[in-house]
Amino acid sequence: MASEICPHMGGPLSEARLEDDGCALRCPWHGYKYDTQSGAFLENPNEPFIQRRLTTTYTTYNPGPAQFRLKLLPYEIKDGMLLV
Amino acid sequence: MKYAFRLADQYYDYDVLTAVTAYLDCEHYAWLHGRNYDHYEILEDGPTTSRIIQHSKYLGFTFKQHHFREYLPPSEFRMASDVPFPIQTRTRFTASAGGGVRRTVDVSLDLPLVLLPFRKLLAAHLRRYDARVYGEDAAAAARRAKYLGKNNWTWAFRPSQFLLHKDAVMEAFRDEIARGAPRLVAPTAGHLAAAEPA
């Protein structure tokens, strides 16, 4: 169970695409992919088309591991109800 | 034959920097606007110019367009495209009273003679197309305002975030960025926690 707000830019994760048999989800705004169990950031699918041909050196851009993590919410199942 | 017209002239309830950062956030074009664009790729980039290939879907057809784009700081953009006929656009974001932004888009089409009689139909179609695409951006800005705070552009200046012409944007808006984070509009603690990097 995770927050509906993408930690990257606030995209609507209720509209995210589930992938890898439900183990991952992909935000509809930028395609960022997260692990549904740990909340870990898995992939920015845009890096190939961004970084492949960049011809300018940006002093303000430092590509590296993204520091995003899904906000996982505690929950329990009680009497057939999901309590968040 | 040249045919020029104003495509859009509208006001939005967010600031100029919010509009500029969203425009230059190239990562969202293939996703948030995926219904309108099949493919988006940077072919060349310079401090304030770029060449992009974009597959745009109009009227059931997909056009492989080469876009030559220029950023004129702080908040003007020019674009020239080659397909299906030469198109030039000039987009300006200017501050309006009350802290909002006025967005104007002027278009010039170089139409073949055979299409000239249909120029107003084409303009109407392009206005609907623009309203749909920019409407997605405006809705995204409204959602960010709701959950992350009004005029929230801090995401754009994280070191790991790529933005076309990012150095030029940060120079043009240096004072505004230095003044700090945008005004928050009563987000909940849960919303803030969700937005914080791990």
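Leaving out neighbours within four places in sequence, Leu164(B) is in contact with Tyr58(A), Leu24(B), Cys26(B), Tyr40(B), Ile42(B), Asp45(B), Ser50(B), Ile52(B) and Val169(B). Keep in mind that this is a predicted model.

**The nonpolar core**
- The largest nonpolar core has 66 residues, and the members touching the most others are Val20(B), Phe93(B), Leu109(B) and Leu164(B).
- Helix α2 of chain B, residues 119-148, gives this core its largest share, 9 residues.

**Helix α1 of chain B**
- This helix spans residues 16-24 and is mostly covered, with 9 of its 9 residues buried.
- Among the buried residues of α1(B) are Val20(B) and Leu24(B); Val20(B) is one of the core members with the most contacts to other members, and Leu24(B) is on the contact list of Leu164(B).
- Val16(B), Leu17(B), Thr18(B), Ala19(B), Thr21(B), Ala22(B) and Tyr23(B) are also among the buried residues of α1(B).

**Strand β3 and its partners**
- With 7 of its 10 residues buried, β3(B) is largely enclosed by the rest of the structure.
- On one pairing, β3(B) runs antiparallel to strand β2 (residues 37-45) of chain B over 7 bridges, and a hairpin of 3 residues joins β2(B) to β3(B).
- Within that pairing, Ser50(B) in β3(B) is the bridge partner of Asp45(B); both residues are also in contact with Leu164(B).
- β3(B) also pairs in the antiparallel sense with strand β4 (residues 61-72) of chain B, over 10 bridges.
- Ile52(B) stands opposite His67(B) in β4(B), and Ile52(B) is another contact of Leu164(B).
- The hairpin of β3(B) and β4(B) has 2 residues between the strands, and Leu59(B) there takes a positive phi near 50 degrees.

**A closer look at Ile53(B)**
- Ile53(B) is found in β3(B), which covers residues 49-58.
- Ile53(B) counts as buried because its relative accessibility is 15%, against a cut-off of under 20%.
- Not counting residues up to four places away in sequence, Ile53(B) touches His39(B), Tyr40(B), Glu41(B), Leu43(B), Gln65(B) and His66(B).
- Tyr40(B) is 13 residues from Ile53(B) in sequence, yet their C-alpha atoms are 5.8 Å apart in space.

Conventions. Residues are numbered from 1 along each chain as its sequence is written. Chains are lettered from A and ligands numbered from 1 in the order in which they are written. This is a predicted model: local features need pLDDT of at least 70, side-chain atom pairs count only at pLDDT 80 or more; totals for chains, interfaces and linings use all residues. Side-chain values use heavy atoms; hydrogens and water are left out. Helices (H or I, at least four residues) and strands (E, at least two) are DSSP runs, numbered from the N terminus. Buried means under 20% relative accessible area, exposed over 50%, partly exposed in between (1.4 Å probe, protein chains only). Contact means heavy atoms within 4.5 Å. Two strands pair if DSSP finds at least two bridges between them. A nonpolar core is a set of buried Ala, Val, Leu, Ile, Met, Phe, Trp, Tyr and Cys residues joined through side-chain atoms within 4.5 Å.
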